[in-house]
Amino acid sequence: MKAFLNIRTFLLALSMIAISLLHYLTPLHLHYLHDIFQRLYYLPIILAAVWFGLRGGLACSLAVSFLYAPHILFQWGGHLTIEMEKYLEIVLYNIVGGVTGLLAQRERERSIQLQNTADGLEQSFKKLQEQSDQIIAIEKNLRSAEKLSTLGEMAAVLAHEIRNPLGSIRGTAEILRDDYRPGDAKYEFIDIQIKETERLNRVVEDFLRMARPSQIEKVPCSIQEELETVTTLVANDARQRHITLDLIPPKINTKIHGDGEKLRQAFLNIVINALQATPSGGSVCIASSKVRDGIEISFTDSGLGVTSENILRIFEPFFTTKSDGTGLGLAITKKIIEGHGGTARIVSVAGEGTTVLVWLPQAISGGAP
Ligand SMILES: Nc1ncnc2c1ncn2[C@@H]1O[C@H](COP(=O)(O)OP(=O)(O)OP(=O)(O)O)[C@@H](O)[C@H]1O
Ligand SMILES: [Mg+2]
């Protein structure tokens, strides 16, 4: 900015000196040239007024007056009428410098005011935008909370109304099954009945787990140990599906303050989903790393992936694309992770695979992993 000012001042000074030299060096009988030079002085005066406002305009017109006056006095001194006309021109220089400077200054002040108003409007707009984003997020959470509270009431009724008769059905079916041998058609039918009661029982369990306002008991626990238990639990399933299941040994301390049993449940839901989404010959890989003040656990599968549309709904209770799914697995996972002050998110490309990323804070760390 300063350099810019200096260049402008230099240009003005140069033009004034050049025009003055033309005046002093041009013989007087070439009066038509002098008329042109006389008007040329308006150029630096107007430029100075536009660039520097009232003060700039007046300073330049005064400088021009001082440069031009000796020329009138000493070179045109003999011609009174011409001399008077030229003095009048000097007065005009100063009027033009003053008036143009004043107008330019007012214009500049108004444009600064307009710019400030525009900046203010832009900031208000940004604030409004942020507030409306916040409102949308709160509304989304409320809707989810509303779903969960309805779910809580339903779960209590379901647990009471379904679990007890379910227990009787299962018990009596087991007694009936004892009358037949494995391989007998009736044995197989009763076995199906028992498995179906187990499935129903699981659904009720899931509802309850989701709805119960259970307390998270935070004690020192090792993420790696919980992940090992989860992989042991699903190893057989993975083998049957011909999926390679890898748990990478971590290079970091994975101890956190948390509820091991609940975290295990959260991780299990993710891994089961990964196995269900991965075709035979695929892989599921689990790894932990240090991210910010916590641990990030990644569950990567080479399965079907999730469409960008479904990604937005994946953690919603009851969202499922499976004919036998409850859509509660990831909702429970999210509730548990957030109960630990962590976050769960999903990155996926449909057709290429999915990574679920769980971050857990590691406020109080323990010993070696
Ligand atoms: N790793 C994954 N790859 C592809 N899709 C996934 C993956 N994990 C979750 N999904 C999608 O998210 C949906 C919701 O998952 P969630 O675990 O909440 O319920 P679910 O698996 O359908 O039912 P449930 O867990 O009760 O058996 C799934 O139906 C599936 O479409
Ligand atoms: Mg699931």
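Guide: Ile-72 is placed in helix H3, residues 42-75. Helices are DSSP runs (H or I, at least four residues), and strands are runs of E with at least two; both are numbered from the N terminus. Ile-72 has a relative accessible area of 0%, so the residue is buried. Buried means under 20% relative accessible area, exposed means over 50%, and partly exposed lies in between (1.4 Å probe, protein chains only).

Before going on, some ground rules. This is a predicted model: local features need pLDDT of at least 70, side-chain atom pairs count only at pLDDT 80 or more, and totals for chains, interfaces and linings use all residues. Residues are numbered from 1 along each chain as its sequence is written, chains are lettered from A and ligands numbered from 1 in the order in which they are written, and side-chain values use heavy atoms, leaving out hydrogens and water.

Now step back from Ile-72. Ile-72 and Asp-179 are 107 residues apart along the chain, and their C-alpha atoms are separated by 134 Å. Pro-27 and Pro-220 are 193 residues apart in sequence, and 101 Å lies between their C-alpha atoms. Pro-27 sits in the loop between helix H1 (2-25) and helix H2 (31-40). Its relative accessible area is 41%, so Pro-27 is partly exposed.

The chain is assigned three domains: domain 1 (2-123), domain 2 (139-211) and domain 3 (219-361). Such bounds come from an automatic or database domain assignment. The C-alpha centres of domain 1 and domain 3 are 77 Å apart.

Next, the charged pairs. Side chains of opposite charge can pair when their charged atoms come close. A salt bridge here is a side-chain nitrogen of Lys or Arg within 4 Å of a carboxyl oxygen of Asp or Glu. By this rule there are 12 salt bridges. Arg-177 pairs with Asp-191, and their closest N and O atoms are 2.6 Å apart. That pair links distant parts of the chain: Arg-177 is in helix H4 (residues 80-177) and Asp-191 is in helix H5 (residues 185-211), 14 residues apart. Arg-177 counts as buried, because its relative accessibility is 18%. Asp-191 is buried too, at 16%. Arg-170, Glu-174 and Glu-198 are linked in a network of salt bridges.

Now go to helix H6, residues 223-240. Yet H6 bends by about 45° at Val-234. The bend is the angle between axes fitted to the seven residues ending there and the seven starting there. Val-234 is also buried, and so are Ile-223, Gln-224, Glu-226, Leu-227, Val-230, Thr-231 and Ala-238 in H6. Just after the helix, His-242 takes a positive phi of about 60°. Another salt bridge joins Asp-237 to Arg-241, with the closest N and O atoms 3.1 Å apart. Asp-237 is partly exposed at 27%, and Arg-241 is partly exposed at 30%.

In soluble globular proteins, nonpolar side chains tend to be buried together. A nonpolar core is a set of buried Ala, Val, Leu, Ile, Met, Phe, Trp, Tyr and Cys residues joined through side-chain atoms within 4.5 Å. The largest one here has 36 residues; Ile-223, Leu-263, Phe-267, Ile-297, Phe-299, Val-358 and Leu-360 have the most contacts inside it. Elements giving two or more residues are H6, helix H7 (260-277), strand S4 (283-291), S5, helix H9 (329-339), S6 and S7. H7 gives the largest share, eight residues.

Finish at strand S7, residues 353-361. Eight of its nine residues are buried. Two strands pair if DSSP finds at least two bridges between them. S7 runs antiparallel to strand S5 (residues 294-301), joined by eight bridges. Phe-299 has Val-356 of S7 as its bridge partner. S7 also pairs with strand S6 (residues 343-349), antiparallel, over seven bridges. There, Thr-343 is the bridge partner of Trp-359. S6 and S7 form a hairpin with three residues between them, and Gly-351 in the turn has a positive phi of about 90°.
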